[in-house]
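Here is a briefing on one protein chain. Keep the sequence and the 3D view side by side as you read.

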Amino acid sequence: MFKVRTLNQISPLGLARFDAKRFHVGADVDDADAIMVRSFKMHDMPLPARLKAVGRAGAGVNNIPVAALSQRGVPVFNAPGANANAVKELVVAGLLIAARNLRGAWEFAATLEGSDAEISRAVEAGKKAYAGFELPGRVLGVVGLGAIGRLVAHAGLSLGMRVIGFDPELTVEGAWQLSAEVQKAASVAALLREADFVSFHVPLVDATRHMINAETVGLLKSTATVLNFAREGVVDDDAVVAALDAGRLHAYLCDFPTNHVKGHPKVVALPHLGASTREAEDNCAIMVAEELRDFLENGNIRNAVNFPEVVVAREGVCRLVVANANVPNMVGQISTSMARAGLNIHNLVNKSRGDLAYTLVDLDSALPDAVYDEIAAIPGVMSVRRISA
């Protein structure tokens, strides 16, 4: 029986994907084979010796020690796209809040006092201060054209906006899913110069940290709005607040309140609501549970952030899965160990991703302990597992 520990409250729809006859799942599970997590920060927690996989019921993995797990041969799964619609809807709300000055208008209406007739007169006298503008014809810049960015781009088009996108790592599959109406920017700087709104949908890595900073904020129009529903740190709060105070930026909307931005009259800072819908939580939990189950039961890897995609139908009597360093002659050493023992390889797949590789072998007979131990002892092998039919 596999043991799965949950570090946060996980949707019951996701947990239901684990067959109770084969999986013991719960927050009190010790020495787990797998961990399911949402926002819990794992960097300082001791990792179980038998840990084989970690699943993040969401997209970002900043709270997970990916590098340390990679060195142990442990894949880290996530749920790309499962919360995409939820984030897209929040971005659309942000566009409308900024365009129609809804925050200021809301606060103005909430402070009105007197009789209904007096309030009505105050509304007529004060509403002109909150006049906004409409979205058709405005330029929406989308930085990052993954699952969320593509939905945001298409939403912008449906609102009558002109949409410009930038993503140097756009996959072929992603490009096929992107409307031909989305114009491609040559660089982030080129996108910023044209945008009336710019929305970020990128992970937080060295290349994306402070994409909006004291220099790049100057490329934006003074009437532009910045939206960051991606990751805290993609936007430099100091640079944005300085631009807002100087009248060089219209508004800033984000999912990450800080002391510097919360309460600013031109900022709407929400409490990280991007994926906080019932549907998104269900979708993320279901996707990650299925990924973990398929990995534990079959050795398949789908949507891991640190290992290559390897999904192969089961064939043969026994399946051997090996996580190893991506160095020469690893496959040769693994296959030689099995050949010396007279084992017939029914199917073998080896794929790499950066410094890591993953080898999956289907055998026509059981794998003896001696061969298993020999393969586990090969320098560069991080983890070995055998799965019976």
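Buried means under 20% relative accessible area, exposed means over 50%, and partly exposed lies in between (1.4 Å probe, protein chains only). By that rule Asp33 is buried, at 1% relative accessibility.

The model is predicted: local features need pLDDT of at least 70, side-chain atom pairs count only at pLDDT 80 or more, and totals for chains, interfaces and linings use all residues. Residues are numbered from 1 along each chain as its sequence is written, and side-chain values use heavy atoms, with hydrogens and water left out.

**Overall build**

- The chain has 389 residues, and 47% of them count as buried.
- Its C-alpha trace spans about 90 × 45 × 35 Å along the principal axes.
- There are 12 helices and 16 strands in the chain. Both are DSSP runs numbered from the N terminus: helices are H or I with at least four residues, strands are E with at least two.

**Salt bridges**

- Side chains of opposite charge can pair when their charged atoms come close.
- A salt bridge here is a side-chain nitrogen of Lys or Arg within 4 Å of a carboxyl oxygen of Asp or Glu. The structure holds 12 of these bridges.
- Arg50 and Asp33 form one of them, with N to O at 2.9 Å. Arg50 lies in the loop between strand S3 (34–37) and strand S4 (53–56), and Asp33 lies in the loop between strand S2 (23–26) and S3, so the pair ties together parts that are 17 residues apart in sequence.
- Arg50 is partly exposed, with a relative accessible area of 33%.
- Lys221 and Asp196 also make a salt bridge, and their closest N and O atoms are 2.9 Å apart. This pair links distant parts of the chain, 25 residues apart: Lys221 is in the loop between strand S9 (197–200) and strand S10 (225–228), and Asp196 is in the loop between helix H8 (188–194) and S9.
- Lys221 is partly exposed at 31% relative accessible area, while Asp196 counts as buried at 11%.
- Lys127 pairs with Glu124 in a salt bridge, the closest N and O atoms being 3.3 Å apart. Lys127 is partly exposed, at 48% relative accessible area. Glu124 is partly exposed too, at 49%.

**Aromatic rings**

- Rings of Phe, Tyr and Trp (its six-membered ring) pair if their centres lie within 6.5 Å; planes under 30 degrees apart count as stacked, over 60 as edge-to-face and the rest as tilted.
- A search of the whole structure finds six aromatic pairs. In one of them, the ring centres of Phe307 and Tyr358 are 6.3 Å apart and the planes sit at 70 degrees, so the pair is edge-to-face.
- Phe307 is in the loop between helix H10 (278–298) and strand S13 (318–325), and Tyr358 is in strand S15 (residues 356–363), so the pair ties together parts that are 51 residues apart in sequence.
- Phe307 is buried, at 1% relative accessible area. Tyr358 also counts as buried, at 4%.
- Phe2, Phe18 and Phe23 are linked into a cluster by ring pairs.

**Charges over rings**

- A charge sits over a ring if NZ of Lys or CZ of Arg is within 6 Å of the ring centre and within 35 degrees of the ring normal.
- The charged end of Arg385 sits over the ring of Phe295, 4.7 Å from its centre.
- Arg386 lies over the face of Tyr372, at 4.5 Å from the ring centre.

**Pocket and cavity**

- On a 1 Å grid over the protein atoms alone, a cavity is a set of points where a 1.4 Å probe fits but cannot get out, and a pocket is an open set with protein on both sides within 12 Å along at least five of seven lines; lining residues have an atom within 4 Å of a point.
- The second largest pocket has a volume of about 230 Å³. Of its 15 lining residues, the closest to the centre are Asn101, Arg103, Gly104, Pro265 and Lys266.
- Helix H4 gives the most to this pocket's lining, with four residues.
- The count comes to one cavity of 30 Å³ or more. The largest cavity holds about 40 Å³ of space.
- Residues lining the largest cavity include Asn228, Glu232, Tyr252 and Phe256.

Terms used:
Points joined across faces, edges and corners; volume = space filled by probe spheres on them.
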